[in-house]
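Colleague: I would like to learn how to read a protein model feature by feature, starting from the overall fold and ending with the charged pairs. Could we go through one together?

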Amino acid sequence: GLSSNAIIPPKEIDIPIIIYKKASNRYYRYAIELDGAIWHKKNTKSDEEKNENIKNTDWKLIRIWFKAAEKSKKEIESAFRRMSDDVCTIIMADINNEAGDWKIKYLEDY
């Protein structure tokens with residue numbers, strides 16, 4: 001079992017992703033955080049704590065700033081598709097060692 005509260009205790013993570021690559025017998029762990037005005041202001045104390053705490057784990061954090069409150073349903077669906085594609089691109093580049101060394105990535109403008 002996986003608890004989103006166990007990644008960077010006592011904080012929760014919105015979307016934990018664990019990928020196992022059989023060829024290298026290696027696990028890749030990604031914590032996705034959906035941020036945006038509909039949830040809270042940018043760069044809250046809680047966000048800063050999560051950023052700092054993730055550095056002491058084997059997880060990588062991807063923060064997504066989402067402006068859903070300003071969008072129609074069609075625009076929201078399109079933004080989620082682009083967001084998903086971008087997250088997949090980041091993860092694939094990381095797994096294929098094409099992304100350099102990183103611990104936190106920021107995605108904006110969705």
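**Reading the fold, the core and the charges**

Modeller: The protein chain has two helices and four strands, and, followed along the sequence, these elements come in the order β-β-α-β-α-β. Please keep in mind throughout that this is a predicted model.

Colleague: What share of the 110 residues in the protein chain is buried?

Modeller: Buried residues make up 33% of them, and the accessible surface of the protein chain comes to about 7000 Å², with 49% of that area belonging to carbon and sulfur atoms. As for contacts with a separation of 6 or more, 62% are between residues 24 or more positions apart.

Colleague: Which residues touch the most other members of the largest nonpolar core?

Modeller: In this core of 16 residues, they are Tyr30, Ile62, Ile64, Val87, Leu107 and Tyr110. Strand 2 (26-35), strand 3 (59-65) and helix 2 (73-95) each supply at least two residues of the core, and the largest share, six residues, comes from helix 2. Val87 shows how such packing can be read: leaving aside residues up to four places away in sequence, Val87 touches Ile32, Ile62, Ile64 and Leu107. Apart from this core lies another, of eight residues, including Ile8, Ala31, Trp59 and Leu61.

Colleague: Which residues make the nonpolar surface patch of about 310 Å²?

Modeller: That patch is made by Ile18, Tyr20 and Tyr27. Tyr27 lies in strand 2, and counts as partly exposed because its relative accessibility is 46%, between the limits of 20% and 50%.

Colleague: How many salt bridges are there, and what does a pair such as Glu33 and Lys50 tie together?

Modeller: The criterion is a side-chain nitrogen of Lys or Arg within 4 Å of a carboxyl oxygen of Asp or Glu, and the count comes to seven. Glu33 forms a salt bridge with Lys50, with the closest N and O atoms 2.8 Å apart; since Glu33 lies in strand 2 and Lys50 in helix 1 (residues 45-54), the pair ties together parts that are 17 residues apart in sequence. Both Glu33 and Lys50 are buried, and together with Glu12 they are linked in a network of salt bridges.

Colleague: Where do Asp35 and Arg63 lie, and are they buried or exposed?

Modeller: Asp35 lies in strand 2 and Arg63 in strand 3, so this pair ties together parts that are 28 residues apart in sequence. The closest N and O atoms of their salt bridge are 2.5 Å apart. Asp35 counts as buried at 4% relative accessibility, and Arg63 is buried with a relative accessible area of 4%. Another salt bridge joins Glu52 and Lys55, with the closest N and O atoms 3.5 Å apart; there Glu52 counts as partly exposed at 47% relative accessibility, and Lys55 is partly exposed at 46%.

How values were computed: Residues numbered from 1 in each chain as written. Predicted model: local features only at pLDDT ≥ 70, side-chain atom pairs only at ≥ 80, totals over all residues. Heavy atoms only, no water. Core = buried A, V, L, I, M, F, W, Y, C linked by side-chain atoms within 4.5 Å. Buried < 20%, exposed > 50% of the residue type's maximum accessible area, 1.4 Å probe, protein only. Contact = heavy atoms within 4.5 Å. Patch = residues over 30% accessible without salt bridge, like charges linked within 9 Å, V, L, I, M, F, W, Y side chains within 5 Å. Areas by Shrake-Rupley, 256 points an atom, 1.4 Å probe, with all protein chains shown as cover.
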